[in-house]
Amino acid sequence: MGLSKTIWTNPSEYLRTIQPETPVLFFSPAALQAAARRFIDGFPGMVTYAVKSNPEEVVIENFSAAGVRGYDVASPFEMRMIRRLAPDAALHYNNPVRARHEIATAVELGVKSYSVDSHSELAKLIEMVPADGCEISVRFKLPVSGAAYNFGAKFGATAEVATELLKTVAAAGFIPSITFHPGTQCTDPAAWESYIRTAADIARDAGVTIARLNVGGGFPSHRLNGVLPQIEETFALIDRVATEAFGENRPMLVCEPGRALCGDAFTLAARVKAVRDDNHVFLNDGVYGSLAELPLIGVIDRTEVLTPAGVKRAGDKADRIIFGPTCDSVDRLPGEVALSAEIEEGDFVVFQGMGAYSTVTNSRFNGFGELSLATVLSLKL
Ligand SMILES: *Cc1c(COP(=O)(O)O)cnc(C)c1O
């Protein structure tokens, strides 16, 4: 008799012991809490977590334990989950388009912060949400680059419309604020500078002193070997530019990262089903599973190949086409991926930095997508 092992030392120990035939996401609570503390200690304002990037309950519980006190939610489901797991946390309902029944649920659950990017949606909020002590943030967009893809294609008012919206928010008795999202995996800190300066212009043109400025998510996680995210430098830039742009009207700052808080706390191991005629690699996970994001924002090159015994395959790398397990031909990782030339059937391909937009986009298409979660003390192989 012995205690069953539920926390593993590292991914290799799990892989060689369990020999999993389904993809596994390894979760390091220590890495997740360290990411939260990095933001809480470094960001010059309130740190909230964008729930959509990874809504696993263990993730929310660990953020809560690490001191995260606010959550960016987009749906009644996310609101109820946070109310259950972190009852005292602030809910920021920052999906700017809402059905009336969703607004009614938010009011019922005591949501005190909403974002908006259009006159029609603002009219709904004014009609349905009691103004007293409640914040409405106007979301605007700029045509700036730096992110992996453009969030402005769906949400965000132009600066002109944002100015009008901000006047209306203030006149209706709500707490006026401004918000933006520079786009996900934004590796260029200059994007925040343009946004913050424009936010100050919008407030000035509207003649409104804003209470808070939400500088979004978009902070990068570590996806490429040679490119370490310079988060502290971005924090310092945000702090400096907020003071320069707003002067004595400097608002309180809020951020709502998803990827940068959860991305590096998870590592994926997918098994090699086949190396077809010594050429294409077929994995048991793909773009309909937890690798859904790769065709959208590019591959993660923080990969290793492990033998079934959990030992790293060294030696030269060779570029391979990698397919996922479904019969759909788009189920393929973008481009070619450099993997150990010695890769064999039964090996594991390990992708680090897989915590964001992975568990939650995993589907059961074609009967695949059975994804396991294993807790580890360390993600070091
Ligand atoms: C998705 C989203 C975020 C998180 O974005 P990341 O790029 O993961 O940091 C933050 N705020 C809003 C409104 C979002 O929709």
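## Exercises on a ligand shell and a domain interface

The residues of the shell around the ligand fall into four nonpolar, six polar and five charged. The model is predicted.

**Exercise 1. Find which residues come nearest to the ligand, and which polar atoms lie by it.**

Step 1. Start with the shell. There are 15 residues around the ligand. Lys52, Thr184, Gly218, Glu256 and Tyr357 come nearest.

Step 2. Look for polar contacts, with N or O atoms within 3.5 Å. Arg259 has a backbone N or O atom 2.9 Å from a ligand oxygen atom. Asp72 uses its side chain: a polar atom there lies 3.2 Å from a nitrogen atom of the ligand.

Step 3. Work out the cover. The ligand taken alone exposes 390 Å². The protein buries 93% of that area.

**Exercise 2. Locate the two domains and state how far apart their C-alpha centres lie.**

Step 1. Divide the chain. Domain 1 takes 3–27 + 264–376, and domain 2 takes 29–262.

Step 2. Take the centres. The C-alpha centres of domain 1 and domain 2 are 32 Å apart.

**Exercise 3. Describe the interface between domain 1 and domain 2 by contacts, area and salt bridges.**

Step 1. Count contacts. In domain 1, 22 residues touch 22 residues of domain 2.

Step 2. Give the area. The size of an interface is often stated as the accessible area lost when the parts come together. Between domain 1 and domain 2, about 2000 Å² is buried. Carbon and sulfur atoms give 56% of this area.

Step 3. Eleven residue pairs are in polar contact across the interface, both residues at pLDDT 80 or more.

Step 4. Count the salt bridges. There are two between domain 1 and domain 2.

Step 5. Check a salt bridge against the cut-off of 4 Å. Arg223 and Glu293 form one, with their closest N and O atoms 3.7 Å apart.

Conventions:
Residues numbered from 1 in each chain as written. Predicted model: local features only at pLDDT ≥ 70, side-chain atom pairs only at ≥ 80, totals over all residues. Heavy atoms only, no water. Near = heavy atom within 4 Å. Polar contact = N/O pair within 3.5 Å; in protein donor to acceptor, adjacent residues only side chain to side chain. Areas by Shrake-Rupley, 256 points an atom, 1.4 Å probe, with all protein chains shown as cover. Nonpolar A, V, L, I, M, F, W, Y, C, P; charged D, E, K, R; others polar. Domains from an automatic or database assignment. Contact = heavy atoms within 4.5 Å. Buried area = accessible area lost by both parts, 1.4 Å probe. Salt bridge = Lys/Arg side-chain N within 4 Å of Asp/Glu carboxyl O.
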